[in-house]
Amino acid sequence: MSKPGQRVLIALRKMIASGELAAGERIAEIPTAELLEVSRTPVRIAFRTLEQEGLLAKSTGRGYTVRAVSPVEIAGAVEVRGVLEGLAARQAAERGIDAEVRQALRECLDQGDRLFEKGYVVEEDLEGYHELNMRFHQLILTASGNPAITDALSRNDHLPFASVSSLAVDLHDMAREYRRFNFAHMQHHAVFDALVNGQGARAEAIMREHANATLRYAEVFGPAKTASEGLKVIHKGQTEDRE
């Protein structure tokens, strides 16, 4: 998907998750394209993707309707992803990962290290993280040698926010998002260590927590913790330093 398409997809996921686009609300290509200041093509592609993820439903006429998604439904879908990805990590660790996969995983980690080492992120950084995150997860699935896991995940990905490609970013609080994604990246390091050392049970536990942690980000990195000293906060291209 193109970068404009990714930005539209992320923006719409965020609007649905926050309730800005309420359940039952009808949305159409042209007004959405005008709102997000993009052409109709990335909006059309984003609508189809969100329909597959279970966040939108095709209206009887033209356009789409926002589906009602309960917290229980989201939690269940994410938990299933954690179980499946945990199984993949355990099987990959027990089988042993070859040099090629190890190098590819290491490159993902190195790329993430460079992204987070400056102590803050901008929107483009998170787009980069999105790509490396999907690649990291796919490498583990491949290393498991179990295509049934990939098939099961593909079916689960149609549930709301279940896919690893589902990413909602709060552009108004990038300090919080920095901590959120840096935490996830540290989990990548931990699961890599378990994989290369053949620690199947540990790899499985970390991957399950890695998925389920997305349900607790608001609790772990709540509003009272958003103003870390020295952290640069980016608000839609404008920056300010928190002293």
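## Notes on the predicted model

1. Quick overview to start: the protein chain has 10 helices and five strands. These are DSSP runs numbered from the N terminus, with helices being H or I of at least four residues and strands being E of at least two. It's a predicted model, in which local features need pLDDT of at least 70 and side-chain atom pairs count only at pLDDT 80 or more, while totals for chains, interfaces and linings use all residues. Residues are numbered from 1 along each chain as its sequence is written, and side-chain values use heavy atoms, with hydrogens and water left out.

2. On confidence: pLDDT is the predictor's confidence in each residue, from 0 to 100. The protein chain averages 83, and 85% of the residues score at least 70. Confidence is highest in helix H5 (residues 99-116), at a mean of 97, and lowest in strand S4 (residues 232-235), at 26. Across residues 217-243 the pLDDT is below 50, yet this stretch has 51 contacts in the model beyond near neighbours in sequence. A contact here means heavy atoms within 4.5 Å.

3. Now burial. Of the 243 residues in the protein chain, 45% are buried; that means under 20% relative accessible area, with exposed being over 50% and partly exposed in between (1.4 Å probe, protein chains only). The protein chain exposes about 12200 Å², and carbon and sulfur atoms supply 51% of that. These areas come from the Shrake-Rupley method with a 1.4 Å probe, and for residues only the protein chains shown count as cover. Among contacts with a separation of 6 or more, 73% are between residues 24 or more positions apart.

4. The largest nonpolar core has 25 residues, and Ile97, Leu105, Phe136, Ile140, Val191, Leu195 and Ala203 touch the most other members. Helix H4 (71-95), H5, H6, helix H7 (147-156), H8 and helix H9 (200-212) each supply at least two of its residues. Apart from it lies another core, of 16 residues, among them Val8, Phe47, Leu55 and Tyr64. By nonpolar core I mean a set of buried Ala, Val, Leu, Ile, Met, Phe, Trp, Tyr and Cys residues joined through side-chain atoms within 4.5 Å. Not counting residues up to four places away in sequence, Phe136 touches Leu105, Cys108, Leu109, His188 and Val191.

5. Helix H1 (residues 3-18) has 16 residues and reaches 22 Å from its first C-alpha to its last, close to the 22 Å expected at 1.5 Å a residue. The expected span is 1.5 Å times one less than the number of residues. Buried residues in H1 include Val8, Leu9, Ile10 and Leu12, along with Arg13. The buried residues of H1 pack against helix H2 (29-36), helix H3 (40-52), strand S2 (56-58), strand S3 (64-66) and helix H6 (123-144). Just after H1, Gly19 takes a positive phi of about 90 degrees.

6. Have a look at Glu37, in the loop between H2 and H3. Glu37 has a positive phi of about 60 degrees although it is not a glycine. It is exposed, with a relative accessible area of 72%.

7. Gln187, in helix H8 (residues 174-196), is buried at a relative accessible area of 9%. The Gln187 side chain makes a polar contact with the side chain of His210 (2.7 Å); that term covers a pair of N or O atoms within 3.5 Å, where within protein one must be able to donate a hydrogen and the other to accept it, and residues adjacent in sequence count only if both atoms are side-chain atoms. Met186, also in helix H8, counts as partly exposed at 42% relative accessibility.
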